[in-house]
Amino acid sequence: MGDFALYGDAYGTLLVDATTRLPLTLWEGRDADQLSRWLRQHPSVEVACRDGSLTYRQGYP
């Protein structure tokens, strides 16, 4: 998973399957609560690779 700047202070988050390299989901912003909800809704996710963002670390359930 990683974030990217859309423009100015607007960010997006992209989750990608590390095995297939296909995108899983994309959402506006970088929000720990949103990541946490997504991970709880997808309990089959066993491993998560992320950048060093504190936001994403806080989003792990």
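Modeller: The accessible surface of the protein comes to about 4400 Å², of which 51% belongs to carbon and sulfur atoms, with areas taken from the Shrake-Rupley method with a 1.4 Å probe, and for residues only the protein chains shown count as cover. This is a predicted model, in which local features need pLDDT of at least 70 and side-chain atom pairs count only at pLDDT 80 or more, while totals for chains, interfaces and linings use all residues. Residues are numbered from 1 along each chain as its sequence is written, and side-chain values use heavy atoms, with hydrogens and water left out.

Along the sequence the protein follows the pattern β-β-β-α-α, where helices (H or I, at least four residues) and strands (E, at least two) are DSSP runs numbered from the N terminus. Of its 61 residues, 26% count as buried, that is, under 20% relative accessible area, with exposed meaning over 50% and partly exposed in between (1.4 Å probe, protein chains only).

Turning to the strand, E2 spans residues 10–16 and contains threonine 13. Threonine 13 is buried, with a relative accessible area of 0%, and its side chain reaches the backbone oxygen of glycine 29 at 2.6 Å. As for tyrosine 11, arginine 30 lies over the face of its ring, at 3.6 Å from the ring centre; a charge sits over a ring if NZ of Lys or CZ of Arg is within 6 Å of the ring centre and within 35 degrees of the ring normal.

Key: A polar contact is a pair of N or O atoms within 3.5 Å; within protein, one must be able to donate a hydrogen and the other to accept it, and residues adjacent in sequence count only if both atoms are side-chain atoms.
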